[in-house]
Amino acid sequence: MVTIGVYGLDGESFLQRLRHADVRLLLDVRQRRGVRGPEYAWANSLRLQAALAHARIAYEHHDE
């Protein structure tokens, strides 16, 4: 299990870290699946899911 946040990263750096850790499934535990600030637009749910799908990383949302 690996934990990661989005702050301080851009979309490509985030994906690179996931690949480096051989992540195959990302569990999104955010209650609100958005991040404030235009620099983090890539981390909003639909954009993140599309980027993960392109990187062949599965995505699940669990807000409980």
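Me: In the chain, what share of the contacts with a separation of 6 or more comes from residues 24 or more positions apart?
Reply: This is a predicted model. Take the contacts in the chain with a separation of 6 or more. Residues 24 or more positions apart account for a share of 62%.

Me: Which pattern does the chain follow along the sequence?
Reply: The chain has 2 helices and 2 strands. Read along the sequence, their pattern is α-β-α-β.

Me: Is Tyr 7 buried or exposed?
Reply: Tyr 7 sits in the segment before helix 1 (11–20). Exposed means over 50% relative accessible area. Tyr 7 has 60% relative accessibility, so it counts as exposed.

Me: Which residues does Tyr 7 touch, leaving out those up to four places away in sequence?
Reply: Val 35 is 28 residues from Tyr 7 along the chain, and their C-alpha atoms are separated by 9.1 Å. Contact means heavy atoms within 4.5 Å. With residues up to four places away not counted, Tyr 7 touches Val 35 and Tyr 40.

Me: How far apart are the centres of the positive and negative side chains?
Reply: The chain has 9 positive side chains and 8 negative ones. The centres of the two sets are separated by 3 Å.

Technical notes
Residues are numbered from 1 along each chain as its sequence is written. This is a predicted model: local features need pLDDT of at least 70, side-chain atom pairs count only at pLDDT 80 or more; totals for chains, interfaces and linings use all residues. Side-chain values use heavy atoms; hydrogens and water are left out. Helices (H or I, at least four residues) and strands (E, at least two) are DSSP runs, numbered from the N terminus. Lys and Arg count as positive and Asp and Glu as negative; His and the chain ends are not counted. The place of a charge is taken as NZ of Lys, CZ of Arg, CG of Asp or CD of Glu. Buried means under 20% relative accessible area, exposed over 50%, partly exposed in between (1.4 Å probe, protein chains only).
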